[in-house]
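Open the model in your viewer and keep the selection tool ready. This tour moves stop by stop, with a short note on what to find at each.

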Amino acid sequence: MREEKKPNAPSQKNKSKKSNWFWPSVYASFALLFVGMVWGYNALTTSDAPEQASVDQEKPKDDVTLETNASSENLKYPFNEELLDQVAILQDFYDAKADAASRENALLVFKQTYVTNEGLTLSVDGKPFEVVAAMSGKVEQIVSDPFKGSEIVITHKDGLKTIYRSVTGILVKEGDEIQQGEVLATTAENDWNPQAGIHLHFEVKKDDVAVNPRSYLAF
């Protein structure tokens, strides 16, 4: 007898067809998901780039920061404030309206000639101490004078200048932008005012006219 071949069961045929399209569709789904993630990341980073560039462009320059700081500052002592109780004023600013004793104390004598003091002569027990910037500003001039003592001139806002004389070991140079409290030099002695010993001669000028530093500082 001729043996007849039995047809495949319908369930097996459907199963074979299902497996033919199932895995390709899964791979396609993952591929689409991956492409979508890459596209979304690129779009996000591209949108952030202009904002970052804008922030970088708006970043203030150092000189602008210095200007802002200076505009909010008040004049401070030209030395570390921890030394305030040890600082002595050897000679005061000459004020024609002051009493006789104050005016006499503000006269400097050199070779029997009297010169009015245009600043304050400051000492700390005759010992060297660090001189610091009384306010942020720009170093306008440095004068090397072995007779009167080397000098630093700093310009500030509102037409102010501060002058630091009888110093040594100067740490700044002309044109430097400095911050309030920055160390400038160390005190020394000089031949112009030998009786003061190691000291700092500190002046404040407003529009190039000497003014009493006491009007700015509570000595």
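**Stop 1: the loop between S7 and S8**

Select Asp 158, which lies in the loop between S7 and S8. Strands here are DSSP runs of E with at least two residues, and helices are runs of H or I with at least four, numbered from the N terminus. Asp 158 counts as exposed, because its relative accessibility is 52%. The cut-offs are these: buried is under 20% relative accessible area, exposed is over 50%, and partly exposed is in between, with a 1.4 Å probe and protein chains only. Now check the backbone: phi of Asp 158 is near 55 degrees, a positive value in a residue other than glycine. Most residues other than glycine have a negative phi.

**Before going on: what kind of model this is**

This is a predicted model, in which local features need pLDDT of at least 70 and side-chain atom pairs count only at pLDDT 80 or more, while totals for chains, interfaces and linings use all residues. Residues are numbered from 1 along each chain as its sequence is written, and side-chain values use heavy atoms, with hydrogens and water left out.

Colour by pLDDT, the predictor's confidence in each residue, from 0 to 100. The chain average is 80, and 68% of the residues score at least 70. A contact means heavy atoms within 4.5 Å. Then select residues 48-60, where pLDDT also stays under 50 and the model has one contact beyond four places in sequence.

**Stop 2: the core**

Which residues have the most contacts inside the largest nonpolar core? Select Ile 152, Ile 154, Tyr 164, Leu 184, Leu 200 and Phe 202. The core has 27 residues. A nonpolar core is a set of buried Ala, Val, Leu, Ile, Met, Phe, Trp, Tyr and Cys residues joined through side-chain atoms within 4.5 Å. Strands S4 (120-123), S7 (150-155), S8 (160-168), S10 (183-187) and S11 (200-206) each give two or more residues to this core.

Zoom in on Phe 202. Beyond four places in sequence, its contacts include Pro 78, Leu 122, Ala 134, Tyr 164 and Leu 217.

**Stop 3**

Show S11 on its own. Five of its seven residues are buried.

- S4: three bridges join it to S11, antiparallel. Thr 121 stands opposite His 201.
- S8: six bridges, again antiparallel, pair it with S11. Thr 162 has Val 204 as its bridge partner.
- S12 (residues 209-211): three bridges pair it with S11 in the antiparallel sense. Val 204 stands opposite Val 211.

Stay on His 201 in S11. His 201 is buried, with a relative accessible area of 8%. Its side chain makes a polar contact of 2.6 Å with the side chain of Glu 203. A polar contact is a pair of N or O atoms within 3.5 Å; within protein, one must be able to donate a hydrogen and the other to accept it, and residues adjacent in sequence count only if both atoms are side-chain atoms.

Follow S11 into the turn. S11 and S12 form a hairpin with two residues between them. Asp 207 is in that loop. Phi of Asp 207 is near 55 degrees, a positive value in a residue other than glycine. Asp 207 counts as exposed at 53% relative accessibility.

**Stop 4: strand S6**

Select S6 (residues 137-143). Two bridges join S6 to S9 (residues 177-178), and the strands run antiparallel. Gly 137 has Ile 178 as its bridge partner. On to S7: S6 and S7 pair in the antiparallel sense over five bridges. Lys 138 stands opposite Thr 155. These strands form a hairpin with six residues between them, and Gly 149 in the turn has a positive phi of about 100 degrees.

**Last stop: Thr 187**

Select Thr 187 in strand S10. Is Thr 187 buried or exposed? Thr 187 is buried, at a relative accessible area of 3%. Its side chain reaches the backbone nitrogen of Phe 129 at 2.9 Å. Beyond four places in sequence, the contacts of Thr 187 include Lys 127, Val 131, Ser 166, Ile 198 and Leu 200.

Methods. Pairing = 2+ DSSP bridges.
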